[in-house]
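Have the viewer open as you read.

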Amino acid sequence: MPHSHDHDDGPDDGHDDDTGHSHGHGHDHDHDHTPIQADEPTGHYHNLADAARELLIEKGYFDGSDVREMIERIDSRTPAIGASIVAKAWTDPSFKERLLTNGKKTLKDEMDIDVVVADLVVVENTEDVHNVVVCTLCSCYPVFVLGRPPDWYKSREYRSRVVRHPRQVLHEFGTEIGDDREVRVHDSTADMRYMVLPKRPAGTDGWSEEQLAGVIGRDSMIGVAEVELPN
Amino acid sequence: MTDDTRQHHDMGGLDAETVQPSTHEFEPWEKRIEALVRLLSLRQPPIITIDELRRGIEELPPEVYDGVSYYEKWIAGLTEILVEKDVLSREELDARMADVAARKAAGEPVVEKGVENSGGGA
């Protein structure tokens, strides 16, 4: 799901080097104090995050294991999930129709993939149409299908320009869309996420879903690239 | 619509530099912030919705919006909304931040056991 909003990455002062330790009442002071080093980033927002997390745990909204499990859950979502969806759609026309009609329900019912956040609209690239996805207002992205978004997707440059000069932005990604194809840009929202169903490349007749999934990359499902076969 | 009517975050169609196809490995502290948002927004009923988080981020001052990193904006926007909704108070946040800073300065652990290394790398 993604979520969220907003945008780009400014200076990133995160640099943590966590080492294990406990926290809470009754601190365990047996840990090694020798090398004095900052275990956690100490900037204002890092401390704000730690303070908020501690307070929310103390108030009973969740516990530390919930935090860990959620991180692991999101870590498990990668572009490979999207690739498996695309490969299935390429090889099963009736699945593709259902996917394009009702993405979220079809993925849940037929692939046991929970989109989790928001609705999911899958848009198909064809000989006539090339689709590309953005979130101009923030950074909404189908996180539970494609994993966390790349930084450029959240950047001011991408959000500002792809809606006005999509062919030029695609060119900057090395993607040339011929004048005979319409380019459609889809602007995501907190409640509506898009994923591109790229065109199946020539030369893949008879390939298995697994073989096909192996050549489908993240950028082709955002729409800034097309699926190309390795040379 | 003239640009005078735009809010700061509303940048679709504006001029900007060439897109740099950048990304980075997410840091543990970034993943912890993301997990907080998900845990609160996926509860039924949600403590905070994604739209509310979005509003919290959009209302950050432009210098913060453009000046800090992505997940820093998330925690800034999230805590603004949590204070607004009386989930947390500004006073307890301020007090706990001072406590967190003091513990870090003393080399004491801050992140809960079992959470500290989760999601390292990506």
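## Two crossing helices

In chain B, helix 2 (residues 50–58) packs against helix 4 (residues 70–84) at an angle of about 110 degrees, and their axes are 8 Å apart. Helices here are DSSP runs (H or I, at least four residues), numbered from the N terminus; axes are lines fitted to C-alpha atoms over the stretch in contact, with angles from 0 to 180 degrees between N-to-C directions. Helix 2 of chain B and helix 4 of chain B are therefore roughly perpendicular, a label for 65 to 115 degrees.

Helix 2 of chain B brings Glu52(B), Leu53(B), Arg55(B), Gly56(B) and Ile57(B) to the contact (heavy atoms within 4.5 Å), including with Trp74(B) of helix 4 of chain B. By class, this contact has five nonpolar, two polar and four charged residues, with Gly counted as polar.

## About the model

This is a predicted model: local features need pLDDT of at least 70, side-chain atom pairs need 80 or more, and totals for chains, interfaces and linings use all residues. Residues are numbered from 1 along each chain as written, chains are lettered from A and ligands numbered from 1 in written order, and side-chain values use heavy atoms, leaving out hydrogens and water.

## Where the chains meet

Chain A puts 84 residues into the contact and chain B puts in 78. Eight salt bridges link chain A and chain B (Lys or Arg side-chain nitrogen within 4 Å of an Asp or Glu carboxyl oxygen). In one salt bridge, Arg96(B) meets Glu54(A) at 2.9 Å, N to O.

Note on methods: Parallel < 35°, antiparallel > 145°, perpendicular 65-115°, else oblique.
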